[in-house]
Amino acid sequence: MLAARLVCLRALSCQTVRPAITQASPALRNSNIKVYRLWQPNQCYATRVRTGVRHGKLGQEVKEAAFEPSAETALKADRLGKFIVAGGAGVGLGALCYYGMGMSSEIGAIERAAIWPQYVKERIQSTYMYFAGSIGMTALSAVAVSRSPALMSLMTRGSWLAIGATFAAMIGAGMLVRSISYQDSPVAKHAAWMMHSGVMGAVVAPLAFLGGPLLIRAAWYTAGIVGGLSTVAMCAPSEKFLNMGGPLGIGLGFVLASSIGSMFLPPTAFGAGLYSVAVYGGLVLFGMFLLYDTQLVVKRAETLPYYGVTKYDPINACMGIYTDTLNIFIRVATMLAGRKVGKLCCSKVPKHNKKAHKVQANYAPYFFDNGARSTNGNMALLSLSEDTPVGTHVYTLNGTDPEGDPVTYDLTYEAGSRRYFSVDKNLGNVTLIEELDREKEDEIEVIVSISDGLSTVSEKVRILVMDANDESPEFINTPYIVEVPENTPSSSSIFKIEAIDKDTGSGGSITYFLQNIHGNKFTIDRHSGVLRIKTGVTLDYEKSRTHFVVVVAKDGGGKLRGDNKVFSATTTVTINVEDVQDTPPMFIGTPYYGYVYEDTLAGSEVLTVVALDGDRGKPNNIHYCILNGSEGSFEIGNTTGAISVIKSPNQLKKEVYELKVQASEVSQEGDISEHTFAMVTIRVVDLNNHPPTFYGENGPQNRFELTMYEHPPEGEILRGLKITVNDSDQGANAKFNLRLVGPGGIFRVVPQTVLNEAQVTIIVENSAAIDYEKFKVLTFKLLAIEVNTPEKFSSTADIVIRLLDTNDNVPKFSSDYYIARIPENSPGGSNVVAVTATDPDSGLWGEIKYSIYGTGADLFLIHPSTGIIYTQPWAVLDAEVNSKYNFYVKAEDTDGKYSLAEVFITVLDVNDHSPEFNENIQEKTMIIGSPVKIQAIDQDAEEPNNIVDYSIMQADPANVFDIDQSTGEIKLKSYIRSLDIIHNITKNKDCIWSLVVQAKDRGSPSFSTTAVLKIDITEETLHKGPMAAFLMQTKDNPMKALGVLAGVMGIMVLITIMISTAMFWRNKRSNKIMPVRRIIKKRQTPPSRTVRMEWLKFKRPSSAAEKFVIEDDVKSLHNENSNNNIQVPPVPPSAPLPPPPPALTPRSDAPGWRVPTVSGSLTPKHIIKPPKKKGLGSTHNALVSELKMRFEKRNAALGEHHI
């Protein structure tokens, strides 16, 4: 609409406007508005004549002819537009006559108005009242703005910013009005509506320049056009013009484009043509829009449910016809004002263009116009897809200068416009820098300019944004709730789904389909979105009152970033089925029974029958009547259904009456339509004067007895009880209930409800509860009590059931296992433990017999009756042999039923063993400062019987030794530190003392054992290790020791000389001395260890030393692999020592050499003296080891590594 307003102002000349201003209000006459700026020719945009040879002479002539101002061409275009308007007016008058005179065979809205509900009429009336109010407020707003110079200056400003602000105000006000709910926020809705009307009045305010008389005449013409077209729309068939949505949209786009184009083009042949399309074509277009919107208002008023979720909004409904009316008014005013303006414009423009041609012909550079499909030129009619990536090179500006000067390029935009492109000023390469969106802006106006440094030529070009399939379909007017009568015929259309897709082409075309089409009763037209009932399918309110249909709207697909994309959307349509009268009534609670008692009064109500309309949505009233069977004794309420007796009971001739009752529906108009029948049985009964009575075989009886075995099968009938119950009354008085009172859940009585008389049956329900061990006698009360009588007469009978025992229990031990302990010295036949088992059964079935079995039961017996377990008479228990026994004990009744328990017996240890030494006389060698140890073993199995304490019973001399009570270690008193002190104590130079040692256990009673210990005391030598042992062995043969020492020293001197010589020569060659490596290479393993061991064995029969035998030490020197290869780095001695035994190689972490303490048997041994040859070899090895240790010590002192 804004474009139409600008086209109108563009068509006016300064000469026409100035008189209008002088005739206007004083505010306008005294204002400083520069009206001429709005209509001065835009000489920069496509108004110059381009020079140079381009596209041949014919192309140039055609273009100049198209853009050359021509009064004749403009008048022809104006005349053609008037012919179009006249033709449209003729068609409208013809349609008015055709439909207004009722010549059409189809029914129009004005004919359907006779059957409209009142709310439809009120909706249409309120819509046109708001329409009239909108027109009035728009006129007032326009007058108010026209009297304000500041507002008129703002509204007549032709900048892009002003145009954009106007568009934003119109669109924003319209969206605000439509978004506010008419029912929820009426105040805000009306405020937004008035604001929108005020904004539209400000938009049309510049028309005040045309003068009051012209605008009044235009208003009368507009009223006539709108009235006539509205009449045609009301008389035409319902949807005659509603199918023109697609063509109208296309025409709107064409007219809008023409309006915008006519804003910037002079009145040339092309510009005048666009102007005619915008004015005359727009008038015809918006007249057709008025037809469309008028019928749309009527359709919405008719179809929107009165109680639906979506409410009718009269303000939103009038917006369409309101905007159509404004557009028609603007174009009528423009046409009336253009009669004089056209002549003035056509006479002025050619002179101006000729003058411009002379000034600019020889200097201005120009663009090459290569057409719309070219990628270089002036960007005219360039089209870009909206999914073009940012940064893409989209075009190349290309032009030249007639003088051959270099040219530069530039792109500029109107104020407030977004910058979509950038250009390389020298190369002309145009790059996209902003993402395109056709749905927001489908055309981009860019001012392209070319300059040769002195002259600059600018052209405004339009770049078309082509659509890409980037939008999904959107449903409008959701949520969808449809009310459909259940008698709607199949294949009928019930609703129209509408979805829009902002894309164009195939991406904007929408097809509809339903999800789970086979599971519902509806179908949809894939193109129109009309929802229909499937062929052959009917709706039934009584079966399903609501249906939910999921509709999918899918577009036709299209390219998006090179891929073919298809988008879809879904919505749910709620279809509520409305009930109609198509189901007959039905009785509730059939069959019907009634009773008339002998004391009932005439006129009393017997019973009430109830019938309901089968159509529950809109039920009709029910009318009752008795057709037959009453015989004049009963009547029924026509509306209540209450049946009453009209005679006294003694006048009733029959005992049972069968009444046929009819229930009929009564419509709202009072007509009786469908009906149904029901039979009512009425029985005449007497008073309740007899209680229920129990009978046995011999007459009335109130105690019944029975003897039975326990645990009968469930469901078994107690046939020994023959019970009959009777009530002598009739009808309801003879109805009573039976139940057993006593322990619950054991028996049940059948039947539970009795009418008059019945045989009573008692059935077993819980067999496990009928247990002789729990109840020997079961006692119940059999209670009979009337049900529906006020007296509630009742009677009882005792039921006594005596139970007989069966063998239904298994003997059970008091524990699953038994634990017992018995001393090992218990004699045979001793009691161990008593086991106990019980059997609840009586008689022989409760007697238990015990037995044992298992691998551990050989030494034990059990008494078969008492369960006492005792040992065999010959059994001997020994805790040291076996201290644990376990076996099973069995308890069995006379019927073979049994259970098991496990017995665990522990044999307790008794102190029955004395501690024992290995030998009664032992000999030990003690080194002063080191203890010797004795050991005795007690064979008892448990503590404290096997714990041994040691003590010295007798010593000679006394008070010399101490003994550790627990370990048996014997050591000298602390003051004895040398042999000299010992020599002072005794004159025995052999230093052999005797002790009597006692080993005693801690049992009760306690046992002890004594042994004689002979201790040979020696003093620790200076040097420890194998050499010390050797000296100890040769202390009685000093000559042998001197010979060995002399040989060893000689060999050591010889080896020292050889090693010194070798080291001297080696030091001359290297600073590193590595004697250890060479010495290691010379070491050899002796071939025979046995011979070398024998070298250590010697004997002096006449001396006490011959008793020393080191056999045990030699054995201890062998390792686990029996190879005796144990390497020992010995501590370097201070002087050469005798050679150690070859096999005596202690571990590297062992302390210094010590004389080993010999423990064990001191039996004399025959020792074979080794040959001297072997001794020399041993001495040689000892010397080598001695030298090795010296070099290692030296290297360690110097910090060198040992290799």
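Biologist: Which residues do ring pairs link into a cluster?

Modeller: This is a predicted model, in which local features need pLDDT of at least 70 and side-chain atom pairs count only at pLDDT 80 or more, while totals for chains, interfaces and linings use all residues. Residues are numbered from 1 along each chain as its sequence is written, and side-chain values use heavy atoms, leaving out hydrogens and water. Rings of Phe, Tyr and Trp (its six-membered ring) pair if their centres lie within 6.5 Å, and the planes count as stacked under 30 degrees apart, edge-to-face over 60 and tilted for the rest. Ring pairs of this kind join into a cluster Y130, Y182 and W193.

Biologist: How many aromatic pairs does a search of the whole structure find, and how far apart in sequence are the parts that Y130 and W193 tie together?

Modeller: The whole structure holds 17 aromatic pairs. In one of them, the ring centres of Y130 and W193 are 5.2 Å apart with planes at 90 degrees, so this pair is edge-to-face.

Biologist: Is W193 buried or exposed?

Modeller: Buried means under 20% relative accessible area, exposed means over 50%, and partly exposed lies in between (1.4 Å probe, protein chains only). W193 has a relative accessibility of 9%, so W193 counts as buried.
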